[in-house]
Amino acid sequence: QVHLVPWGEEDPVRRDTTPPWPGRLPDPPPSEVLPEKAPVRLLGPAREPVLVDRRLMMSAAPTVLAPPPGEDCTATSVRAWAGPWPLAQRWWREDAERSVYLQVLVEEPAGTSRALLLSSSRGSWYVEASYD
């Protein structure tokens, strides 16, 4: 970005440069990043797919994290969630990929919980990382 400033005048700070930066995931970072994204289904209270629109509005509150159709895993309840945070890659190209990140806390079978980092692109959800 370029803007003109008269010679000898101070250049006012236009943006705050101290963290946290807009669009950045909050700390702490995930402790384990999966080698490949694992597809999942994120469902709302009526078992409908959760979608995120261009304005970052979610179609429903996430309540269930389920395996993709045809897989033999059990669904888990979503106890809490944070996000979504947008990510626009190659925004200047026609084939730009827009995705969002969502942090979820899911209930494990033994009564414990686990935090996961999910991403969504083109209506599909994936597990990308987990937190300790």
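Two strands count as paired if DSSP finds at least two bridges between them. Strands themselves are DSSP runs of E, at least two residues long, while helices are runs of H or I with at least four residues, and both are numbered from the N terminus. With that in hand, hello everyone, and let's look at the chain.

A word on where this comes from: it is a predicted model, in which local features need pLDDT of at least 70, side-chain atom pairs count only at pLDDT 80 or more, and totals for chains, interfaces and linings use all residues. Residues are numbered from 1 along each chain as its sequence is written, and side-chain values use heavy atoms, with hydrogens and water left out.

So, what is the secondary structure of the chain? It comes to 0 helices and 6 strands, and along the sequence you read β-β-β-β-β-β. Those 6 strands close into a barrel in the order 1-2-3-4-5-6, with antiparallel pairing. From one strand to the next, the twist averages 45°; for that, axes are lines fitted to C-alpha atoms (for helices, over the stretch in contact), and angles run from 0 to 180 degrees between N-to-C directions.

Let's walk around part of the barrel. In general, strands of a sheet pair through backbone hydrogen bonds, either parallel or antiparallel. Strand 1 (32-43) and strand 2 (64-66) are antiparallel and share 3 bridges; one of the residues involved is R41, whose bridge partner in strand 2 is A66. On to strand 6: 5 bridges tie strand 1 to strand 6, again antiparallel, and here V40 has W125 as its bridge partner. Strand 5 (residues 113-121) and strand 6 (residues 124-131) are joined by 7 bridges and run antiparallel, with L117 partnered by A129.

Now for the inside. Which residues have the most contacts inside the largest nonpolar core? They are L42, L65, L102, V104, L116, L118 and W125, in a core of 14 residues. By nonpolar core I mean a set of buried Ala, Val, Leu, Ile, Met, Phe, Trp, Tyr and Cys residues joined through side-chain atoms within 4.5 Å. Buried means under 20% relative accessible area, exposed means over 50%, and partly exposed is in between (1.4 Å probe, protein chains only). Strand 1, strand 4 (97-107), strand 5 and strand 6 each supply at least two residues of this core, and the largest share, 4 residues, comes from strand 4. Apart from this core lies another, of 5 residues, among them W85, Y101, L117 and A129.

If you zoom in on L116, you will find that it touches residues including L65, V104, V127 and Y131, leaving aside those up to four places away in sequence. A contact here means heavy atoms within 4.5 Å. Over the chain, buried residues make up 28% of the 132 residues.

Last, some backbone details. Most residues other than glycine have a negative phi, and most peptide bonds are trans. R47, in the loop between strand 1 and strand 2, has a positive phi of about 65°, and R47 is exposed at 52% relative accessible area. R122 sits in the loop between strand 5 and strand 6; its phi is also positive, about 55°, and R122 is exposed at 70%. Finally, a cis peptide bond with omega about 5° joins G83 and P84, and P84 is found in strand 3 (residues 76-89).
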